[in-house]
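Open your viewer and follow along. We'll go chain by chain, with a stop at the place where the chains meet.

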Amino acid sequence: MAQTKSHPSGRKFPTHIIVFLAPAVIIYTLFMIYPLLDSMRLSFFAADSAGNEFFVGLQNYITLFTDELWKPRLWGAFKNNIVFFLIHMIVQNSIGLLLAAILTSRFVRGVGFFRTIYFLPTMLSVVIVGFIWQLILSPLWGIAKGMMEAVGLGAYFQPWLGLEGPALIALSLISVWQFIGIPMMLFYATLISIPDELLEAATVDGASGWQVFWKIKFPLILPTVGIVAVLTFVGNFNAFDLIYTTQGALAGPNFSTDLMGTFFYRTFFGQQLQLGNPTMGATVATVMFIIILTGVLIYMFGYQRRIQTYEL
Amino acid sequence: MNTKKLPRWLGRIPAYIVLLLAALVALFPIYLVLINSFKERKAIFKTPWALPIGDVFSLVGYEKVFERSNFGLYFTNSLVVTIGSMFFILFFAAMAAYALSEYDFPGNRWMGLYLAIGIMIPIRLGTVSILRLIVAMNLVNTRTALILVYTAMGLPLAIFILTEFMKQVPGELKEAARIDGASEYRIFWLVLPLVRPAIATVAVFTMIPIWNDLWFPLILAPSEETKTVTLGAQQFLGQFVSDWNAVLSSLTLAMVPVLILYILFSRQLIRGLTAGAVK
């Protein structure tokens, strides 16, 4: 590789490097980096009724965090988003790890078959998944009710998506159902890369399967837990499609399923009763940006570094 | 010895029960939608779990979907947008990845980091300004707008993965070509086929989120002529929510292309995922 760095043309101006980089850098900068920065700039502006924009400093943020109309929506969406994230972390990642652990134990046959099936829902559009589950949970069709009756739990069935408390939990679990393939696959890849000699040595020393898992495998998958956590965090704090599809932009009932993504959409685009407000939308987007960036930075400088020193 | 062997054999049963149960949970909702989309209305409610054979078989749902919506057009739009974006993502990402992996120019590391920001930061957060930009370019309600935005969205991860793979291409080949007087552009075309597996992996990774996206079609191109399948299905379903035949058929129509592609390419995709994670 080292020789490639001095090419025959000597110190000629490297036009080709610019040609190779230009298309990607231009499109990426124009449609991703510039809009992200410009959104932050817009969050310091407001528009009058004629549409002229003027600088207002931190006023949008003050409104968002203190105004009686905005504050409850912001904190509601944020808290719901935390619940959404926690349910993913607990349910999705523990089941994903369990499945990966079973699939990597040596006696299991048909690994490829099971992996393909578990990953299938992840491929589908969130819109499709949302509608499918809306149908399954619908009391009209009675699929969920019938299944619960078959195992003697019929009395516990409720139209969860329409109830203020359970709707958010139900939607979180629907999302878990869809995306469980991702942690399963990442854990699988990590577990399969653990050298056989290590596991054999432990077994020869008399360790049980359970001990091997907790004492040897689990410490080795901790870095993957971090990756899964940060991917889940970014995905969850950016989620929109599922809520919009099943509950509408108002994230009903009574905003109980409102996430940062739906809050951002409503603020920017408006809804039946309220006009859209681009600069407030940009403010919400900037708050989301800060939340996501905080998560990513905690992972990069807190978690990842600690794990590395631990391994050394 | 005997007492030890028996529990081990028995111990495998719970593992298989868990695996099968998880497979059933993953599949039954999809199965129910698929089979019931081929049934008449009464049978959907009466015998939802039965196969659509005999009297209950009916295509009425599909007839309704094609009568009342432009599903064919939505498919075309999704295809044009997905394939167009994929072409630009793969081509431009391969070029950029080649520059990053091949030449040690000043600022190489910073350029790599700059291009990687988009892996973690969702492009959606810039939507307010993206819409303004698209309005200013007079591209609202065009498929071009979607292709441009999706290209920007897909580039960071594609560049990151392809750079890793291009670093592994042996230097001898390139050196030999240089000695023969080949231009740098010619060498790029020589290297490209060598990373074909990586390009295929990136293609599957970038295709799925673009095909499935609801956000940008909803905001940048919601007109009837430019609707994608995901947006078309979302609005159709919202409108005909009480017409079970039509709902189940449109869900099936929106699902089937992805299912077919997945069955064809799942091996490649899963290999890519596991390989990427090990690294």
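What percentage of the 279 residues in chain B is made up of buried residues? Select chain B and colour by burial: buried residues make up 43%, where buried means that 20 or more other C-beta atoms, placed from the backbone, lie within 10 Å of the residue's own.

Some housekeeping before we move on. This is a predicted model, where local features need pLDDT of at least 70 and side-chain atom pairs count only at pLDDT 80 or more, while totals for chains, interfaces and linings use all residues. Residues are numbered from 1 along each chain as its sequence is written, and chains are lettered from A and ligands numbered from 1 in the order in which they are written.

**Stop 1: chain B as a whole.** Switch to cartoon. Chain B has 13 helices and 0 strands (DSSP runs: H or I of at least four residues for helices, E of at least two for strands, numbered from the N terminus). The C-alpha trace of chain B spans about 75 × 75 × 35 Å along its principal axes.

Stop 2: Where they touch, 6 residues of domain 1 are in contact with 6 residues of domain 2 (contact: C-beta atoms, placed from the backbone, within 7 Å). On the domain 1 side, α1 (2–36) and α2 (41–46) of chain B each supply at least two residues, with α1(B) giving the most, 3 residues.

**Stop 3: chain A.** Now select chain A, with 13 helices and 2 strands. Its C-alpha trace spans about 80 × 80 × 30 Å along the principal axes. Of its 312 residues, 39% count as buried.

**Stop 4: where A meets B.** Show both chains: 68 residues of chain A are in contact with 70 residues of chain B. Among the helices of chain A that each supply at least two residues to its side are α1 (15–42), α3 (71–104) and α13 (278–311). Pick α1(A) to see the biggest contributor, with 15 residues. Then colour by class: this side of chain A has 51 nonpolar, 13 polar and 4 charged residues (Ala, Val, Leu, Ile, Met, Phe, Trp, Tyr, Cys and Pro count as nonpolar, Asp, Glu, Lys and Arg as charged, and the others, Gly among them, as polar).

Definitions and conventions. Buried ≥ 20, exposed ≤ 12 C-beta atoms within 10 Å, placed from the backbone. Contact = placed C-beta atoms within 7 Å.
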